[in-house]
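Subject: Structure handover

Hello,

Here is the structure I said I would pass on. My notes on it follow below.

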Amino acid sequence: YILVSRAYSYDKIRLKKYPFLSWLVVGFFQGFWVVCCVGYILDNKFYLVEGVLSSVMLWASYPLTQIYQHNEDKKRGDITLSLFLGIKGTFLFTFVGFLVAGAGFSLYFLQKNLHLLLAFHLVLFPVILFFVFWANKAIKNPQEANFKNAMRMNLISASCLNIFFIGKIIF
């Protein structure tokens, strides 16, 4: 995980300049790999389905983390996935990815517990609201595809997911 994170920006390797390879590698190691390693360490088993779902969620949101740095990436010669897709394409790509991830998590939680399914969608509703709000603003005015909004999206998403999983543990 750490090696991949370093390779993403390290000048000699610079995974960042390969849009689809970096997307696959980062999503795999930050999602599937971490979930399976932590699951094995804590519970002595691999959580394969959970790992795949985590990677799908990361693959969906990954281009949003790059959307504000198109000019800098162009200057450095990096063709990130977001730069490749453009602002409108990045939001469309993420929307489709969120649909796929949402469907995957829905099937997963439906098999586990209907209450978890409902809680998951309820808790993540603010993420979808902000995403739609931000996408509309940024498509009309590309200046809105900025660091502040990208970090706001990350904060809302991370907070909502933490609330869901902490609630799952408590209840």
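A polar atom in the side chain of Q66 lies 3.4 Å from the backbone nitrogen of L81. Please keep in mind that this is a predicted model. Q66 sits in the loop between α3 (48–61) and α4 (70–76). Q66 counts as buried because its relative accessibility is 0%, and the cut-off for buried is under 20%. Apart from neighbours within four places in sequence, Q66 is in contact with Y8, D73, T80, L81 and S82.

The other part of my notes concerns aromatic rings. The count comes to 21 aromatic pairs. One of them is F109 with F164, an edge-to-face pair at 5.3 Å centre to centre, with 65° between the planes. F109 belongs to helix α5 (residues 81–112) and F164 to helix α7 (residues 147–170), so this pair ties together parts that are 55 residues apart in sequence. F109 is buried, at a relative accessible area of 2%, and F164 is buried too, at 4% relative accessibility.

F164 also forms an edge-to-face pair with F120, at 5.4 Å centre to centre and 80° between the planes. Because F120 lies in helix α6 (residues 114–140) and F164 in helix α7, the pair ties together parts that are 44 residues apart in sequence. F120 is buried, with a relative accessible area of 3%.

Finally, there is an aromatic cluster formed by F91, F98, F130, F131, F133 and W134.

Regards

Conventions. Residues are numbered from 1 along each chain as its sequence is written. This is a predicted model: local features need pLDDT of at least 70, side-chain atom pairs count only at pLDDT 80 or more; totals for chains, interfaces and linings use all residues. Side-chain values use heavy atoms; hydrogens and water are left out. Helices (H or I, at least four residues) and strands (E, at least two) are DSSP runs, numbered from the N terminus. Buried means under 20% relative accessible area, exposed over 50%, partly exposed in between (1.4 Å probe, protein chains only). A polar contact is a pair of N or O atoms within 3.5 Å; within protein, one must be able to donate a hydrogen and the other to accept it, and residues adjacent in sequence count only if both atoms are side-chain atoms. Contact means heavy atoms within 4.5 Å. Rings of Phe, Tyr and Trp (its six-membered ring) pair if their centres lie within 6.5 Å; planes under 30 degrees apart count as stacked, over 60 as edge-to-face and the rest as tilted.
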